[in-house]
Amino acid sequence: MTSQTAGENPLKVFGAMLAYYRNRVGLTPEQLGARVYLSGSQIRKVEAGTRTPTEDLAKACEVIPELGCNGALTELYGILSEHLKRRAYPGWFAGWPDKEAQARRLRWFEPLVVPGLLQTETYARAILSTRMGATPEELEEAVAGRMERQRVLGRQHPPELWVILDEAVLRRPVGGPDVMRGQLDRLAQAAQRPNIAIQVIPFGAGAHEGLRGGAFIVADFDGAATMAYQDAASSGQIIEDAADVEALALTWDTLRLDALPRAASTSLITSVAEAV
């Protein structure tokens, strides 16, 4: 990537190349969209840099013979995704995604929102759009960064993901009914994967240990010390002190005692989705 390209909006760089290949062979956005399972409007937004491109879109375009991409779009997506990560994450969080990707097991507690690794794109956009003063470009970069993080769960040997949610996460109507229904369906599907366990602390449990603090993640590694990440109101913190990490791990174990079993948790998620 040249220094000029690196300074540009990564979404617009990808969109410009997509538009180049599409226009070169005379396809309309609707015609290309039909080939890659997107609408013409969505293709236009990608080309304008106002919609996050995905790795699946890049790959789908590569297999359309007349476009003649010859690997250029997937190569560009790979380059831009690394650049995007640096721009999308605030400084205090920038070191965590790499740690997350190296972990053997992630133990995650969320009292308010769906964990980032399990968010749908529309849910993530609704959450991230609450930031005051963010430009549309900054919002799209933040969404793209979050979606990029999720690739860790799709690799050949993904980490174990153990999630504990407060029931409030399921009931909060983030983004409206359609967004929330899609998000709950995504959770229910994720819970069926062999490397993912989702448990819910029901309202009926009353007060629990997680109400005294915020979200946190405990990451276990092969051949390295366990570390953690803890959210705060305006920032977050990577925690490496052994005593502090052990305290968070104990809190996670305590919360699990208040949570429903996996099958019952999935049933609750499904029932809430049906009621939305």
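Student: What share of the contacts in the protein chain with a separation of 6 or more comes from residues 24 or more positions apart? After that, please take the surroundings of Glu 121 in detail.

Tutor: The model is predicted. In the protein chain, residues 24 or more positions apart account for 73% of the contacts with a separation of 6 or more. The chain holds 13 helices and six strands. Its radius of gyration is 20 Å, close to the 19 Å that the globule rule gives for 276 residues, so the chain is as compact as a globular protein of that length. Of those 276 residues, 47% count as buried.

Glu 121 is in helix H8, which covers residues 121–128. The relative accessible area of Glu 121 is 16%, and a residue counts as buried under 20%, so Glu 121 is buried. Leaving out residues up to four places away in sequence, Glu 121 touches Arg 51, Thr 52, Val 143 and Met 147.

The axes of helix H2 (residues 10–24) and helix H9 (residues 136–149) come within 9 Å and cross at roughly 85°, which makes H2 roughly perpendicular to H9. Pro 10, Leu 11 and Lys 12 of H2 make this contact with Glu 137, Glu 140, Glu 141 and Ala 144 of H9. By class, the contact residues are three nonpolar, no polar and four charged.

Technical notes. Residues are numbered from 1 along each chain as its sequence is written. This is a predicted model: local features need pLDDT of at least 70, side-chain atom pairs count only at pLDDT 80 or more; totals for chains, interfaces and linings use all residues. Side-chain values use heavy atoms; hydrogens and water are left out. Axes are lines fitted to C-alpha atoms, for helices over the stretch in contact, and angles run from 0 to 180 degrees between N-to-C directions. Helices (H or I, at least four residues) and strands (E, at least two) are DSSP runs, numbered from the N terminus. Angles under 35 degrees count as roughly parallel, over 145 as roughly antiparallel, 65 to 115 as roughly perpendicular and the rest as oblique. Contact means heavy atoms within 4.5 Å. Ala, Val, Leu, Ile, Met, Phe, Trp, Tyr, Cys and Pro count as nonpolar, Asp, Glu, Lys and Arg as charged, and the others, Gly among them, as polar. Buried means under 20% relative accessible area, exposed over 50%, partly exposed in between (1.4 Å probe, protein chains only). The radius of gyration is taken over C-alpha atoms; the globule rule is 2.2 Å times the number of residues to the power 0.38.
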